[in-house]
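Please look over the structure shown below. The briefing after it goes through selected features, grouped by topic.

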Amino acid sequence: MNTNKRKLLTGPYLVWAVGFIILPLLMILYYGLTNDSGSFTLDNLLAIADPIHAKALWESVLIALGSTLISLVIAYPLAYILSNMGGNKSGTIIMLFMLPMWINFLLRIMALQMILANTGILNAILGFFGIGPLHIMYSKTAILIGMVYEYLPFMILPIYNVMCKIDRNVIDAARDLGADTKTVFMHVIMPLSLPGVLSGIIMVFIPGISEFVIADILGGSKVLLIGNVIDQEFSLTNNWHLGSGLSIVLMIFIFISMAIMNKYDKSGEGQMIW
Amino acid sequence: MKKYAILAAAMAACLTVTGCGAGQNESAAAEDDNTLIVFNYGDYIERSVLDMFEEETGIKVKYEEYVTPEDMYTKYQSGAINYDLICTSDYMIEKMILAGELQKIDTSSMENYDNLDPTYLDFCKSFDPNNEYAVPYFWGTVGICYNTEMVGEEVDSWEILWDENYSDQLIMENSMRDAFIVPLKLMGASINTVDKNELLEAQQMLFDQKKLVMAYLVDESRDAMISGDAAMAVIYSGDATAAMDANEDLDYCVPKEGSNIWFDCWMIPKTAKHKEAAEKFIDFMNRVDVGLMNFDYIYYATPNQAVYEELDDETKEDYTIFPDEETLSKCEVYKYLGEEDERYYNQLWKELKSY
Amino acid sequence: MVKTKSFLQKFYVGLIFTILYAPIAVLIVCSFNASKARTIWGGFTLDWYVQLFQNEAVIDAVKTSLMLTTSAALIATLLGTFACIGMTVMSKRSQAVIGTVTNIPMLNADIVTGIAIMLLFVRFMKLGYTSMLIGHVTLGIPYVILNVNPRLRSASKTTYEAALDLGAGPVYAFIKVVLPELMPGIMAGFLMAFTISLDDFIITYFTKGAGINTISTMLYQEVRRGINPEMYAMSTLLFLAILLILFVVNRIGAKQDEMKVY
């Protein structure tokens with residue numbers, strides 16, 4: 001009785017999901033699996049084997065992986081330090097990390113461009129110390145910096161969230177039992193923070209793989225990513241069938257990589273985090 | 001807990017305050033009769049002109065903007081909104097004429113149509129053969145903007161874009177047809193060629209050039225030139241004017257091999273519900289005072305002879321905005337390539353980007 | 001030793017915050033720059049702020065953005081949180097299915113979601129504020145679920161059951177025991193949904209009706225002829241407003257904590 005009532009709470013969302021997630025998805029499937037004359041075809045999916053598309057997907061994966069990894073390396077210690085600072089500040093800390101994101105994305109990336117440009121602020125500062133100038137702008141390095149900048153909060157927050165939840169008593173107990181700081185970290189904090197890390201990886205890697213605006217602005221459009229290809233099929237070439245087909249491939253690809261990631265989710269008691 | 005409640009209350013306050021404003025928007029959407037839905041490039045009009053039009057005619061203008069002609073076409077085709085009047089560029093107009101998407105515009109009853117310079121109406125004939133479907137709004141050229149401090153020589157040819165001395169200092173247009181102008185004109189070919197050998201040769205030249213290119217940009221190139229980040233850029237004349245205003249080391253040239261001259265025109269799609277109002281609006285845009293206001297704001301070349309005559313001599317002689325006849329005679333207007341060749345072009349462009 | 005460690009920690013946090021806020025500082029400086037060019041300092045001015053308030057189009061866009069984003073985030077948070085709670089009593093299989101569906105809007109490139117939703121609306125209703133709202137809620141829900149779910153899973157069931165044993169009704173026990181534990185997750189979810197929605201351009205562009213603009217769509221259109229510095233001024237004000245709200249909320253919170261001591 002009680003559980004049935006509770007299940008009902010999911011109802012409104014399910015209706016929503018069917019109407020505004022499943023239905024549009026079916027439309028994409030329809031476009032992806034048909035051609036101009038409306039007959040069934042797999043060509044749009046197989047188009048991923050085209051060297052241009054395959055290379056674009058590969059570049060996207062590399063860049064997304066790179067930015068995920070860098071974000072993780074930066075975010076994990078940060079979340080750990082912040083979670084030790086005491087719980088009553090947590091609301092403020094979350095806000096402080098979200099705050100920059102309330103300035104429009106395009107404006108922030110443009111500001112980053114002003115900093116990284118050949119005649120930009122960073123080079124002016126470095127020049128003062130007699131270093132440089134560095135040619136960061138319009139390179140893959142610039143794209144990576146931009147993506148880490150954009151997605152870092154999405155890595156920090158879930159890890160921080162989980163770390164705050166770790167019961168201090170468990171840590172104290174481990175210490176009482178003679179564990180040193182390193183052991184406590186490796187055997188208590190690390191495993192318990194894993195769900196947060198996975199959430200973070202998902203939240204950075206997934207948007208990262210279809211990203212193209214940052215690559216265009218900071219990379220000078222010199223690298224073709226799978227996001228660019230899909231975008232152009234929709235908005236430039238007007239070939240919605242190919243665009244949808246490639247989107248389906250991208251989705252399948254992401255699902256597979258998430259399935260692999262979940263295999264490593266030892267803490268998850270078999271649940272899927274996504 | 002309390003903190004969150006307060007935060008939520010603050011948010012809710014925002015909601016109620018702003019609620020009224022947006023509510024009005026929707027009720028305005030309901031009344032439909034005496035309105036005109038205009039679809040134009042972003043920031044491509046002096047806004048107060050719209051208020052003037054509303055005051056003088058009593059017609060309410062709903063003004064909507066887009067970024068690229070292709071965006072516009074996608075949104076137009078979806079049929080979500082029945083636009084009455086669209087401003088877009090030459091090749092897209094030709095594509096829409098051929099697709100039967102446009103209505104003929106009745107120019108005979110317009111008071112100010114004669115203000116338009118026949119020279120430019122003739123140019124427009126290359127995409128609108130009888131001047132029936134499109135009324136020109138602004139025009140311009142594509143050329144090289146360069147920094148005289150960084151480029152020691154005089155620039156008069158597209159060839160300089162392959163000079164290794166300027167490696168990593170060149171900016172190319174990040175737009176398919178505009179990028180192909182450069183090698184095609186250098187080869188002496190037409191920018192409207194569909195000859196596969198010519199196109200492949202042009203693509204090969206762009207491949208060779210890619211390692212020298214600092215970035216493929218469209219709008220950002222202006223700022224990169226102003227700040228001195230790049231030595232030269234392939235750029236629209238209007239952007240060049242704006243950049244030269246801000247940095248006096250900059251100069252602009254339309255290379256001797258020739259280039260592209262482009263036209264942005266008003267047109268009425270077949271789904272328009274307020275054709276008469278749309279024609280009134282076009283006529284209004286051609287009026288001298290309105291044309292001047294728009295020119296002062298946008299600073300692209302005007303096809304309106306009457307407006308041109310009102311300008312001061314310095315502006316009239318500005319070769320960036322108004323190139324001389326000899327230069328113009330070497331410039332071509334884009335033609336729509338047709339679906340098949342356009343697809344081929346797209347493929348070449350994709351290969352270049354992936355290279 | 002402890003001191004250096006804590007200094008290093010503070011230094012690290014400070015460094016990351018500096019990097020995170022550097023571009024914002026640049027934008028704020030730009031909003032006082034008399035020169036329209038982004039890279040040239042033309043002297044101090046307040047002109048852009050004055051012009052901002054005279055520009056009805058910008059004011060309208062800000063209003064629409066705030067209203068749209070707030071309502072979308074609230075709806076997404078409600079739907080998402082309820083969904084998470086309901087899902088706890090479902091079979092693992094259904095949980096996995098729902099979870100997968102939830103992630104679809106995140107997996108898809110934005111343009112695909114945008115166009116798919118547009119196609120749907122064009123067929124069944126007029127584009128307008130409602131279609132934008134639906135698009136934004138859809139965009140935000142996955143972020144709510146991603147944030148609430150881990151919290152719910154690590155929330156201890158025993159306290160809830162203890163409350164029931166002590167005679168509390170399920171709703172009362174939920175509000176008093178489970179909700180406070182979930183609150184940080186819900187808040188984080190709300191904030192993320194809010195942020196994503198405020199930043200979105202593509203979905204807004206394809207689902208908006210004629211004549212409605214948000215901050216994003218307005219900015220993207222300005223790119224063609226250069227961003228108007230009024231937009232820097234607007235961002236600065238928005239940023240300061242949020243900072244102020246945060247500060248006030250914090251002060252009130254701190255006062256209450258003090259009172260608790262006595």
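In chain B, 15 residues of domain 1 are in contact with 14 residues of domain 2, where contact means that the C-beta atoms of two residues, placed from the backbone, lie within 7 Å. This is a predicted model, in which local features need pLDDT of at least 70 and side-chain atom pairs count only at pLDDT 80 or more, while totals for chains, interfaces and linings use all residues. Residues are numbered from 1 along each chain as its sequence is written, and chains are lettered from A and ligands numbered from 1 in the order in which they are written.

**Domains of chain B**
- Helix H4 (residues 90-98) of chain B gives five residues, the largest share of the side of domain 1 that touches domain 2; helices are DSSP runs (H or I, at least four residues) and strands are runs of E (at least two), numbered from the N terminus.
- Domain 1 covers 34-139 + 263-324 and domain 2 covers 141-261 + 331-354 of chain B, with bounds from an automatic or database domain assignment.
- The centres of these two domains of chain B, taken over C-alpha atoms, are 26 Å apart.

**B:Glu173**
- B:Glu173 lies in strand S6 (residues 170-173) of chain B.
- B:Glu173 counts as buried because it has 20 C-beta neighbours inside 10 Å; the cut-off for buried is 20 or more other C-beta atoms within 10 Å, with C-beta atoms placed from the backbone.
- Beyond its neighbours within four places in sequence, B:Glu173 is in contact with B:Asp178, B:Ala179, B:Val218 and B:Val234.

**Chain A**
- Chain A has 13 helices and zero strands.
- Of its 274 residues, 49% count as buried.

Terms used:
A residue is buried if 20 or more other C-beta atoms lie within 10 Å of its own, exposed if 12 or fewer, and partly exposed in between; C-beta atoms are placed from the backbone.
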